[in-house]
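Reader: I am new to this structure and would like to learn how to read it. Could you take me through it feature by feature?
Author: Gladly; here it is.

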Amino acid sequence: MTQDERVSARKADRGWPRPACPVDRAADGTWQVRDFAVARALLRAPGTVQAGLGVETVEKLPPRVRRPVLYRDGPEHREHRRQTARHFTPRRVDEHYREPMVRIAQEQLDTLRSAGEAPLSDLAFGLAVGVVSEVVGLRYGRPGIRRRLERFFPEEFGEPGLTSVRGLYWLVRQNTNWLRIHLADVRPAIRAHRRRAHDDLISHLLAEGCSDVEILGECLTFAAAGMVTTREFVCLAAWHLFSDAELLHRYRTAHEAGRLAVLRELLRLEPVIGRLRRRVVESVELSGPDGPVTVCPGEYVEVHLDDANADPEAVGEDPLLVRPDRAEAVGAGLSFGDGPHRCPGAHIALLETDVFLSRLFALDGVRMSGEPRVAFQEAIDGYEIRDLTVVLPRAGRC
């Protein structure tokens with residue numbers, strides 16, 4: 001039986017099988033990489049810069065405005081990552097953020113207990129908003145940050161511009177949402193941090209002399225990276241656990257290290273973002289099926305993470321099935337990226353997911369109601385899990 005014929009455990013299937021060629025070119029000239037080793041080498045290569053993820057819009061900002069770290073490359077990016085790395089080490093996450101994670105998770109589960117049932121995407125978003133707010137320093141705003149962020153990250157995205165009514169509407173809407181978040185959340189946090197320094201991201205940015213606009217950009221970047229993606233992974237992981245009694249038993253009876261191994265394997269199988277895009281600024285050589293190929297400056301490369309993470313040469317047999325024991329060797333694959341832009345909050349995301357799910361599945365009789373719906377964001381090939389409702393038996397409700 002070939003790999004393409006094997007049963008897949010994926011819930012958010014982006015369309016398997018994909019082309020067998022691990023490195024090829026699309027009709028528009030973009031290089032496509034699906035091989036794990038080639039993808040990792042590319043993401044670590046010094047001759048590429050970020051593309052996609054709104055880079056084109058950010059590049060239109062005035063030169064004097066510092067770009068958020070996600071959109072910077074080279075020495076400036078490396079220095080910023082070096083200075084902020086201490087905020088994301090496993091030890092710091094455990095010592096500084098575990099307690100808030102537990103508190104925020106319990107608040108969301110209290111909401112579930114009170115209502116008896118709730119959309120898991122709502123509970124997961126409340127968790128992610130609370131945790132990122134602690135890490136970044138957004139603790140001083142007016143009530144309603146969750147609603148403001150939901151408006152900023154809608155389920156359907158438009159293309160900004162002045163050439164159509166839809167594009168103009170999108171541009172006005174997003175600028176309005178930026179202003180709401182700035183006035184209600186970021187500006188109060190900046191004022192509080194100027195009165196008293198904190199050991200968090202906003203205080204670091206203030207110490208670097210960042211303007212309010214630059215801090216707003218960084219906060220929204222961390223919001224996108226830490227809130228939306230975590231919400232989707234919490235829902236995806238819960239769906240797997242609700243659907244697989246053996247996997248759920250393993251998760252429930254394991255120590256934290258074992259539970260994290262389960263989550264890493266699920267994330268390897270189902271990366272939240274399915275595609276990363278890079279622009280080449282110096283010639284890069286990739287290992288193609290017929291020998292090395294050269295990607296020239298100005299050309300684009302797309303890394304298909306779901307395919308790379310299912311490369312049997314890298315992850316072993318049955319790459320489309322859940323095998324938590326392989327996580328010790330391959331971790332979450334390339335789901336957090338790699339190289340200079342590897343997600344700094346990887347440990348935060350996994351730990352907060354485990355803190356929440358381990359307590360959710362400790363509730364007697366908790367179950368999933370209905371069949372979840374999967375949609376995809378075309379720009380990043382990211383999945384969205386909706387209509388997954390969690391239900392408690394009446395005896396377990398407050």
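Author: Let us begin with pairing: two strands pair if DSSP finds at least two bridges between them. Helices (H or I, at least four residues) and strands (E, at least two) are DSSP runs, numbered from the N terminus. As an example, Q32 stands opposite E302 in β8. The strands β2 and β8 pair in the parallel sense, over three bridges.

Reader: Thanks! What should I know about the model and its numbering before we go on?
Author: This is a predicted model, in which local features need pLDDT of at least 70 and side-chain atom pairs count only at pLDDT 80 or more, while totals for chains, interfaces and linings use all residues. Residues are numbered from 1 along each chain as its sequence is written, and side-chain values use heavy atoms, with hydrogens and water left out.

Reader: In what order do the five strands of the open sheet stand?
Author: The order is β1-β2-β8-β5-β3, and the pairing is mixed. β1 (23-25) and β3 (48-51) are at the edges with a single partner strand each, so one side of each is left without a neighbour in the sheet. From one strand to the next, the twist averages 30 degrees. For such angles, axes are lines fitted to C-alpha atoms, for helices over the stretch in contact, and angles run from 0 to 180 degrees between N-to-C directions.

Reader: How many bridges join β5 to β8?
Author: Five bridges join β5 (residues 275-280) to β8 (residues 300-304), and these strands run antiparallel. Here R275 stands opposite H304 in β8.

Reader: How many residues of β8 are buried?
Author: Buried means under 20% relative accessible area, exposed over 50%, and partly exposed in between (1.4 Å probe, protein chains only). In β8, four of the five residues are buried.

Reader: Which strands does helix α1 lie across?
Author: Helix α1 (residues 36-44) lies across β1, β2 (31-33), β3, β5 and β8, and runs at about 130 degrees to β8.

Reader: What is the order of the sheet with three strands?
Author: That open sheet has the order β4-β12-β9, with antiparallel pairing. β4 (117-119) and β9 (367-369) stand at its edges, each with a single partner strand, so one side of each has no neighbour in the sheet. Direction ignored, neighbouring strands of this sheet are turned by 30 degrees against each other on average. Three bridges join β4 to β12 (residues 389-391), and P119 stands opposite T389 in β12.

Reader: How do I describe two helices that pack together?
Author: Two packed helices are described by the angle between their axes and the distance between the axes. Helix α5 (residues 120-136) packs with α9 at an angle of about 145 degrees, their axes 8 Å apart. The contact (heavy atoms within 4.5 Å) is made by residues including L120, F125 and V132 of α5 and F222, M227 and V234 of α9.

Reader: Which residues of α10 are buried, and which are exposed?
Author: In α10 (residues 245-253), L247, L248 and Y251 are buried. They cover an arc of only 100 degrees around the axis, which puts them on the same side of α10; the arc is that of the directions from the helix axis to the C-beta atoms. The face turned away from this buried side carries the exposed residues A245, E246, H249 and T253. Among the elements covering the buried residues are α9 (212-243), α11 (256-269) and α15 (346-360).

Reader: Which residues is T84 in contact with, beyond its neighbours within four places in sequence?
Author: T84, found in helix α3 (residues 74-84), is in contact with L201 and H204 when those neighbours are left aside. T84 is buried, with a relative accessible area of 4%.

Reader: Where does D387 lie?
Author: D387 lies in the loop between β11 (382-386) and β12. Phi of D387 is near 65 degrees, a positive value in a residue other than glycine. D387 is partly exposed, with a relative accessible area of 45%.
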